[in-house]
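Dear colleague,

I am handing this structure over to you, and I would be grateful if you could look through it before reading my notes.

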Amino acid sequence: MKLADLPHFHQFHGRKDVKVLRNKETKWDLWTLCAEGEFEKYQNRQSWDVFGSAEVVVSFIAERNKFAKFVGVWHVLSKNEVGKKGGYRYRTRKLRGFEDLEDRLIVNWGDGTRSWAQWLHGKGNKEVVELLPPNYVMDFPGFYNFSLPYAKLQEMIQNPDSNREWQRMLSSVSGVYLLLDRKSGRQYVGSAYGVGGVWARWKTYAKSPSGGNKLLKELLDAHDSRHKSFQFSLLRVLEPGAPKKGSDRGGVAYKEKTRKQSVWPQRELTTLASVGGVDRDRRRTSRTSQVRTRK
């Protein structure tokens, strides 16, 4: 089955102004931009006239090897060239009716992945490979190869049947994890141990963004939507059933390594109180920030 064969895309039959894009970036996570509502802004800034004469763009994000996952469809309202080397700026509006395919539809882009903008009536009519379960977040890439935005973490925890591999793997280990506040650069280091491992600990964050931590609660009381910029990753995986002492030792080691870089007062690097015997968190800050520009 081809992309144009799906009922959602029948409305574009016979049209030659529909372009299919396979977006790929190495500087930042495009799925994080989607979760934060920033993907459209990113897509609308190009160094060359990617959209061309397109009235509609069908967007995907590159997946493993030659595959791509569906993001959405946009109507192109206008475009402007910014100087000779300033690239192009587009104004778009997202079309409704494709929501049940978003984050689920996988296509095979083929071997020509460098050609990432193609016409639907031509080479852009890709082969449909898979339709993932509803609320499926992503394939489990290994313990140290992911950074989960808060929205994706919450979606995953709330839909374990659709994300069974994540639940199985994260429930099987204790560990030391990093919670990054992408907006400020502050980093919170925590340890998870006991029954349910990392999955059980992160489940508390899915229910309440502070996870029961006093300092995070203070941050969220002052900025109630700050959790939208939270990002989760693993720093160290411990053996199943690892004792609390071993998990805490990993967090302390990380804290000691970063102590000299921290601009937080020493008292704020101390261990926070345990929450239900599950976790102890620490935090530090980084001066590093990312500027979203597209080359």
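**Aromatic pairs**

A search of the whole structure, which is a predicted model, finds 21 aromatic pairs, where rings of Phe, Tyr and Trp (its six-membered ring) pair if their centres lie within 6.5 Å, with planes under 30 degrees apart counted as stacked, over 60 as edge-to-face and the rest as tilted. The rings of F140 and W166 have centres 5.0 Å apart and planes at 90°, so this pair is edge-to-face. Because F140 lies in the loop between β8 (127–131) and β9 and W166 in helix α4, the pair ties together parts that are 26 residues apart in sequence; helices (H or I, at least four residues) and strands (E, at least two) are DSSP runs, numbered from the N terminus. F140 and W166 are both buried, which here stands for under 20% relative accessible area, while exposed stands for over 50% and partly exposed for what lies in between (1.4 Å probe, protein chains only).

The rings of Y205 and F232 form another edge-to-face pair, since their centres are 5.2 Å apart and their planes at 65°. This pair links distant parts of the chain, with Y205 in helix α5 and F232 in strand β12, 27 residues apart, and both residues are buried. Ring pairs link these residues into a cluster whose members include F140, W166, W202, Y205 and F232.

**Helix α4**

In α4 (residues 164–171), W166, M169 and L170 are buried. They lie on the same side of the helix, because they cover an arc of only 90° around the axis, the arc being that of the directions from the helix axis to the C-beta atoms. On the other side of α4, R164 and R168 are exposed.

**Strand β1**

All six of the six residues of β1 (residues 18–23) are buried, so the strand is largely enclosed by the rest of the structure. On one side these are V18, V20 and R22, and on the other K19, L21 and N23. Six bridges join β1 to β3 (residues 56–62) in parallel, and three join β1 to β7 (residues 117–119) in antiparallel fashion, given that two strands pair if DSSP finds at least two bridges between them.

**How to read the values**

Residues are numbered from 1 along each chain as its sequence is written, and side-chain values use heavy atoms, with hydrogens and water left out. Local features need pLDDT of at least 70 and side-chain atom pairs count only at pLDDT 80 or more, whereas totals for chains, interfaces and linings use all residues.

With best wishes
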